[in-house]
Amino acid sequence: MKFTFSWLRDHLETTASLDEITEALTDLGLEVEGVENPLAKLSGFTIGKVLAAEKHPDADKLRVCKVATGQGETQIICGAPNARAGITVVVASPGTYVPGIDTTIGVGKIRGIDSFGMMCSEREMELSEEHEGIIELPSGEVGQTFADWLAQNDPSKVDPVIEIAITPNRPDALGVRGIARDLAARGLGTLKPRDVDAVPGSFACPVAVTIDADTLDAAPVFYGRLVRGVKNGPSPQWLQDRLRAIGLRPISFLVDVTNFFTYDRNRPLHVFDADKLTGGLRIHRAKGGETMMGLDEKTYTFDPDMTLISDDAGVQSVAGVMGGLPTGVTADTTSVFIEAAYFDRVRTAYTGRALRINSDARYRFERGIDPDWTPVGLEHATRMILDVAGGEASEVVVAGQIPDTRRAYRLDPARVISLVGMDIPEADQRETLTRLGFALDGDMAQVPSWRPDIMGEADLVEEVARIASLTRLQGKPMPRLQTGVPKPILSPLQRREQAGRRTAAALGYNECVTYSFIDKTAANLFGGGDDATMLANPISADLSHLRPALLPGLLRAAARNQARGFPDQALFEIGAVFSGGEPGEQQLQICGLLVGRTGPKDVQGSSRAVDLFDARADADAILAAIGAPAKVQILRGGDAWWHPGRHGRICLGPKKALGIFGEVHPKVLKALDVKGPAVAFTIWPAEIPLPRKTGSTRPALALNDLQAVERDFAFVVDAQVEALNLVNAAGGADKALIAEVRVFDEFIGGSLGEGKKSIALTVRLQPVEATLKEKDIEAISAKIVEKVQKATGGVLRG
């Protein structure tokens, strides 16, 4: 929303400066996005007088001018055709920045003669497009700043333009009047009365208006009147300057009137050339298939239920969105029919969106305008047209009735303290609401028709606090609900997420935050991409599905980094993955990815390609940090995007997986354009069992004073038997005494024969009650051999 400072002062009697106004607007919730102050860029220009102008000895079109300035007489070379002695000009002295040519003036030599400055045209100062000659001022003192002269003689040229951001709940601030009302309520001035007397009609309106019964919900009321004998043409200069300042192009007076009231009072209007209308106007729902050429010279086809305005010849306007070109006003228009109507916000928004029309009218109707000001706006527009373009006004024709938006809410002064925490006297609260247009009857506040956002008692409190300024709020600590040390506020899963993030970062990984949406191709590679995770309205084709895993996002990031010359990467992400779009169909994951080598090349040759054991070590470290049990099983059976022989599931049992690690399948790397090797791990924090004890104290340190015993076993098994099966079988022989089982050797070939291999295990026995005797060790050894033989078919190597 743009407006000029002088436009604001048409509604607000104020002595506040521009800086005070802009600061107050932001504090009121109307955030100032920018201020264009022409005075700032014109501050370096001064007024001078040409004392003499002689032809340049070496150039026919140049003149050597003697110019009186505030610093004394100076010499300036000028090529303007109107440069002559006796005229008052605008001078840019050396060191002055000229915005129109983006140049800082310096001392120059033109055809051998020194020039100490420049005499400027309007285009060089960005005042207009005029550049046929230098500016000739009708008055002005030598040395006076040009900005001061403009402020006194042509203030529109230096009128600051303010742009504010409007939130959807404040449609009243889409008019300068609403902005002035807020500032007046803050105490920065007084709201000026801007009412006009109703214009009496001198003849019956020849244009009849009807609203179909099934359209009254979308177009409840329509006011109109005809003005005949008008003379359309360029708008008055003040109106053209005002529209240009906010970025609108003046078209003709009748059109400019509608644009003016759109910004001045948030009251969109439309004007028809009455001589081009055939019969009366009918507001109705579209049947579908009707067409109209809009004012933007594009042809639009309408869907069923769009609200249209038609005459006997066809559709002439899209209600609340855009008028039609065939009945638009031109320079030859002598009879104009003025429309002031109220259209439903939701229907207007649907229509404008479907037709892809973004107009000032649609922007305001879909946010909400003042329905009660509909007939008043018509009177204001009629009066302006009669005053400028002349003519004779008809009686007002009305169809439908103004919707009843009356509502009142109780003002409870104490709620300002309970809801906002500000102590504002009741008298101040009532005065604030009165200034904002609320009518108070006892403790009931009647909401003004231009504030559709006020829907309850809490909104009254918000208005009072907003005008009083939320900067007056003082931070106060919240009262403690109980004495002593407060309970933790993070859930166990949140604490695990925090610990996992810190551990991954400490291991040297860089955290990524990728989109929760991925393309269908990547989703299919990781078990997703079905209809359950497909977005109904994706922002792009590459973000069409909810991600089934974090790994595809990390692989995409790795591919982008590799393409930019970073082959070695360690990336991780913590976030939600999805099996569907319903609540509960998501799960937290911790995912890490290693690509390339462990480090840069060095003379010791320590750099090597990353492998699955790097991923295993990092996964174990993160699991330990988030509280996973130390004893786990490593099982096969991972998903298809893992290398079939180089991965492992970290489990507490066959059905309880805590995570998975391994190499990424080569076909996945190829599909996502990642150059291997690439290893990764995924952890599911929610699958880790909660500790039985929730206290923060650590258990007593248990030290064993009994000597541990280690025994080695070598088993001959089939070549396809996994070493893990032997480890698990041996460890299950006596869980109380066996503390650790590890593989220390593997032998294939030789005397073992084809299809056989030897796996050597070290079993560590830790007694708890008494030192183990030889017979105890022999008994446990026999159990180990029996368990391994039963589980794998292995026999002791002779």
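## Helix α5

Just past α5 comes Gly 187, with a positive phi of about 105°.

A word on what you're looking at: this is a predicted model, where local features need pLDDT of at least 70 and side-chain atom pairs count only at pLDDT 80 or more, while totals for chains, interfaces and linings use all residues. Residues are numbered from 1 along each chain as its sequence is written, and side-chain values use heavy atoms, with hydrogens and water left out. Helices (H or I, at least four residues) and strands (E, at least two) are DSSP runs, numbered from the N terminus.

Who pairs with β24, going by DSSP (at least two bridges between two strands)? Strand β16 (residues 221–228) runs antiparallel to β24, joined by 8 bridges, and Arg 225 has Ile 338 as its bridge partner. Strand β17 (residues 270–273) is antiparallel to β24 as well, with 4 bridges. There, Asp 273 stands opposite Val 336.

## Where α12 meets α13

Helix α12 (residues 426–435) packs against helix α13 (residues 457–468) at about 95°, with their axes 9 Å apart. Axes here are lines fitted to C-alpha atoms, for helices over the stretch in contact, and angles run from 0 to 180 degrees between N-to-C directions. That angle makes the two helices roughly perpendicular (65 to 115 degrees).

From α12, Gln 429, Thr 432 and Leu 433 make the contact (heavy atoms within 4.5 Å) with Leu 460, Glu 463, Val 464 and Ile 467 of α13. By class, that's 4 nonpolar, 2 polar and 1 charged residues. Ala, Val, Leu, Ile, Met, Phe, Trp, Tyr, Cys and Pro count as nonpolar, Asp, Glu, Lys and Arg as charged, and the others, Gly among them, as polar.

## Where α14 meets α17

Helix α14 (residues 492–506) and helix α17 (residues 612–625) cross at roughly 145°, their axes coming within 9 Å. On the α14 side, the contact uses Ala 499, Gly 500, Thr 503 and Ala 504; α17 brings Ala 621, Ile 622 and Ala 625. The tally is 5 nonpolar, 2 polar and no charged.

How values were computed: Parallel < 35°, antiparallel > 145°, perpendicular 65-115°, else oblique. Pairing = 2+ DSSP bridges.
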